[in-house]
Structure formats: structure tokens, C-alpha cells
Amino acid sequence: MAYGKNIKGIKLFKKGEKGDKPKRLNRSASGDFGINFILGIFGIVMVLPLVYAISSSFKPLDELWMYPPKFFVQNPTWDNYKDLFRLMGTSWVPFSRYIFNTVFISLVGTAGNVLCSAYAAYALAKIKFPGRKWMFQLIVYSLMFNSTVTGITNFIIMNWLGWVDTYFAVIVPAFCTTYGLYLMKQFMETSVTDAVLESARLEGASENLIFWKIAMPMVKPAWITLIIFCFKDLWNSGASVYIQSEQLKTFNYAIGQVISAGISRAGAGSASAVVMMAVPIIVFVVSQSNVIETMSTSGMKD
């Protein structure tokens, strides 16, 4: 073996001789400023609709119908929120019932979605059984079907099961979403190593124990992200075609009925939009670090 020659693409050097140092690419201060400036502009553009919605909720009626419209409120008032809560109090079904329905459906549906998606993803990603790849491809293909296309079939199934006009008609379909299964499976494959699972099996741990004590903590960013997305969809869900009883309607549906009486309730409508946005935004702000981690590591392998 001779020093200094290339052997299969590997360059050898004598002791003490330095090879080519890897080049380090550093951005200049102006480059950092330019990137931050562009990102700041995009951030401002994205937050403008939220700022406008909050500003409009404090506008009196004359400002809401002003042309050309003003972006920021000129004479802020709390009358819109007062009108909203006054109208909520005049409903023949207590608004506390609508709020309970929304919270119950959102919490139970989200919990079931995460649980079913995680269990199915663990089985498809880490348990080898015949047909698992074909089954996953079939599940992914279901993304092509819009909910409108399968609406009649779903209604027939719900009617056959006797779930029409019950909580089950809204909650159970939320348990099984293709997006949740796909997200959890990708994270199970990339974040949960087979070596760790085999070590736990050799120690005598059951699959259920491995799932809860090893797999779920390792994919925490994924299921927190799934909680946010699923909770947002269920919280904002309006009147369902499976629900006819007024006592089972959601808060979003009730607010829609309140503000549908005419332009005189436009102020209450602006306030209701902020009320509906508040809870999902709070949930997202609390969990945003895990969402960012999920988006930055999704699809990456060691």
C-alpha cells in the first residue's frame, strides 16, 4: 500500500499530512437579513386575515358596511359580542347544550382518531403479515374519493346500523381517516427502529406494552399534530346530514342560525367568527413546537 495514492476512490495521506478540508458555507449578514425580511413579509401576509377578523368583530354596523371598507376599526365597541351572547340566550335549546355537543364530539372523535390511526399504523409499519403493503396502498388510494362521492353510501350504512340522529354518526367516521393513518405510519417507520422493538420483545414485553411504552413516546410529534388537525375539523363541523334533532346540533351550526336572520346581525356574525377561531388557535399555539418538528422530519430516514 502506497501513501498518497487513490485506492477505490479513497485518498491516503502520510501521518501528519492534512487532506482537503471541507468547505464551510456561511451566509453573509446581508443574506440573513434578506431571508428574514422575505419570511417576515410572508408572515405578515398570512396573519392579516386573522387581524382583520378580530378588528371587524369590534366594528359597529356603520363601519362594517362602510365602502370602501376600513381594515382597522375606527370606533371599537363590545356591542357585537353583547349581541351575540344575547341572541344565544334567546334560543329555545340552551346554548350550553350546543357547546357540550361540540366539545364532546371534538374530544371523543379526536381521541378515537389518534388511537385507531396509531394502532393501525403500528401494525402496518412494524408487524410483518401477508398483504400489509397491498392493504396500505388500498388505504392510500382512498384519498382519491371525495366525501361527497361516498355520501349516499355512508348514509345507507349509518341508517342500517341505526346510528342516524345519534352521536355515533358523527364520532365513529372521525375515528378512521386516511390522513391520520398515513402520517402515523410514516413516523412509525422512520422514528421507531426495529432493533429497539426486538430488544423489548426479547425482554418479554407484550406488543401492547411495546406500543404504549416505546412506540407512542417516540412518535409524540406525529400524534400531537394529528390531534390538532382532527380537533380543528371536528370543532368547525357544522350541521351533519346524519343529525336532525336540534338537541344534537353543534355550536357552529347554532351560531350560523343566529346570524342568518339578516344584515342587522352582521356584527354578531363577526364576533362569532372570532369565538369559533379562538379555541383551535389556542390549541395550535400550545402545541406548535411539536407540529414544526413533525413537518421538518416527516419522510426523513437515518
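## Close-up views of a predicted model

**View 1. Buried residues of helix α7.** In helix α7 (residues 168-175), the buried residues are A169, V170, I171 and A174. Buried means under 20% relative accessible area, exposed means over 50%, and partly exposed lies in between (1.4 Å probe, protein chains only). Helices are DSSP runs of H or I with at least four residues, numbered from the N terminus. The buried residues of α7 pack against α4 (95-126), α6 (151-161) and α11, where contact means heavy atoms within 4.5 Å.

The model is predicted: local features need pLDDT of at least 70, side-chain atom pairs count only at pLDDT 80 or more, and totals for chains, interfaces and linings use all residues. Residues are numbered from 1 along each chain as its sequence is written, and side-chain values use heavy atoms, with hydrogens and water left out.

**View 2. Helices α8 and α11.** The axes of α8 (residues 178-191) and α11 (residues 220-235) come within 10 Å and cross at roughly 165 degrees. Axes are lines fitted to C-alpha atoms, for helices over the stretch in contact, and angles run from 0 to 180 degrees between N-to-C directions. The two helices, α8 and α11, are therefore roughly antiparallel to each other, a term for angles over 145 degrees. On the α8 side, Y179, G180, L183, M184 and F187 meet A222, W223, T225, L226 and F229 of α11.

**View 3. The pair Y52 and F71.** The whole structure holds 17 aromatic pairs. One of them joins Y52 and F71, which are tilted, at 5.4 Å centre to centre and 45 degrees between the planes. Y52 belongs to helix α1 (residues 29-57) and F71 to the loop between α2 (61-64) and α3 (79-89), so the pair ties together parts that are 19 residues apart in sequence. Rings of Phe, Tyr and Trp (its six-membered ring) pair if their centres lie within 6.5 Å; planes under 30 degrees apart count as stacked, over 60 as edge-to-face and the rest as tilted. Y52 is partly exposed, at a relative accessible area of 34%, and F71 is partly exposed at 31%.

**View 4. Lysines over rings.** K185 places its charged end over the ring of F136, 4.1 Å from the ring centre. The charged end of K249 sits over the ring of Y253, 4.8 Å from its centre. A charge sits over a ring if NZ of Lys or CZ of Arg is within 6 Å of the ring centre and within 35 degrees of the ring normal.

Note on methods. Parallel < 35°, antiparallel > 145°, perpendicular 65-115°, else oblique.
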